[in-house]
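This briefing describes selected surface and side-chain features of the structure shown below.

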Amino acid sequence: MLEQQPHWRVLPAQNRNFAFAVLNSLTSTFVLVLLIGVVLIASLACWLANYILAPILQLSITAKNITQTQDYSQQVDVLRRDEIGQLSVAFNHMILGMQDMIERVKEEGENRLKLAQEKTAPNCAMNGRRQATPNCFGS
């Protein structure tokens, strides 16, 4: 025959709220620390994105302004010494090179125009007056 075992039960002697008070306190602390961490990480991410993107946006705005105004004297402020700062320096050198090239092209065009006028001037003169022909340049 089977032996019967007594049916024992353990009943808590403390109130359930009291027993879980420490656990509830730790849960609240964990949630608070988690929220503070999320806010700090989000703030750091926004600052870092702005730190990286602000000079690139400045380059973009300057490039658009130069394109719209054809003013090649505009420069980008170089505030950093990292790769983005090097990009800004290279951009400024490129703009200076373009400005110099445009000046040289203008000078060359003016020189060629003067040379062409000098070559055609004797053919256009008739009795001290300029003749209106397609080969003559107006003054």
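A nonpolar patch on the surface is formed by Leu 44, Trp 47, Leu 48, Tyr 51, Ile 52, Leu 53, Ile 56, Leu 57 and Ile 61, which together have about 870 Å² of accessible area. The model is predicted, and the values given here are computed from it. A search of the whole structure finds one aromatic pair, formed by Trp 47 and Tyr 51. The count of salt bridges comes to three.

**Nonpolar patch**

- Leu 53, one of the patch residues, lies in helix 2, which spans residues 21–69.
- Leu 53 has a relative accessibility of 44% and therefore counts as partly exposed.
- Trp 47 and Tyr 51 also belong to the patch, and both lie in helix 2.

- The rings of Trp 47 and Tyr 51 are stacked, with 5.4 Å from centre to centre and 15° between the planes.
- Within helix 2, Trp 47 and Tyr 51 are four residues apart, about one turn of the helix.
- Trp 47 counts as exposed because its relative accessibility is 52%, above the 50% cut-off.
- Tyr 51, with a relative accessible area of 38%, is partly exposed.
- Arg 80 lies over the face of Tyr 51, at 3.9 Å from the ring centre.

**Salt bridge of Arg 80**

- Arg 80 also meets Asp 82 in a salt bridge through their side chains, at 2.5 Å from N to O.
- Arg 80 is buried because its relative accessible area is 14%, under the 20% cut-off.
- Asp 82 has 24% relative accessibility and so counts as partly exposed.

- Asp 100 and Arg 104 form a salt bridge in which the closest N and O atoms are 3.4 Å apart.
- Both Asp 100 and Arg 104 lie in helix 3, four residues apart, or about one turn of the helix.
- Asp 100 is partly exposed, at a relative accessible area of 41%.
- Glu 108 and Arg 112 are joined through their side chains by a salt bridge of 2.9 Å, N to O.
- Glu 108 and Arg 112 are likewise both in helix 3, with a spacing of four residues, about one turn of the helix.
- Arg 112 counts as exposed at 57% relative accessibility, whereas Glu 108 is partly exposed with a relative accessible area of 39%.

**Backbone at Gln 70**

- Gln 70 is not a glycine, yet has a positive phi of about 55°.
- Gln 70 is located in the loop between helix 2 and helix 3 (83–124).

Note on methods. Residues numbered from 1 in each chain as written. Predicted model: local features only at pLDDT ≥ 70, side-chain atom pairs only at ≥ 80, totals over all residues. Heavy atoms only, no water. Patch = residues over 30% accessible without salt bridge, like charges linked within 9 Å, V, L, I, M, F, W, Y side chains within 5 Å. Areas by Shrake-Rupley, 256 points an atom, 1.4 Å probe, with all protein chains shown as cover. Salt bridge = Lys/Arg side-chain N within 4 Å of Asp/Glu carboxyl O. Helix = DSSP H or I, 4+ residues; strand = E, 2+ residues; numbered from the N terminus. Buried < 20%, exposed > 50% of the residue type's maximum accessible area, 1.4 Å probe, protein only. Phe/Tyr/Trp six-rings, centres within 6.5 Å; stacked < 30°, edge-to-face > 60°. Lys NZ or Arg CZ within 6 Å of the ring centre and 35° of its normal.
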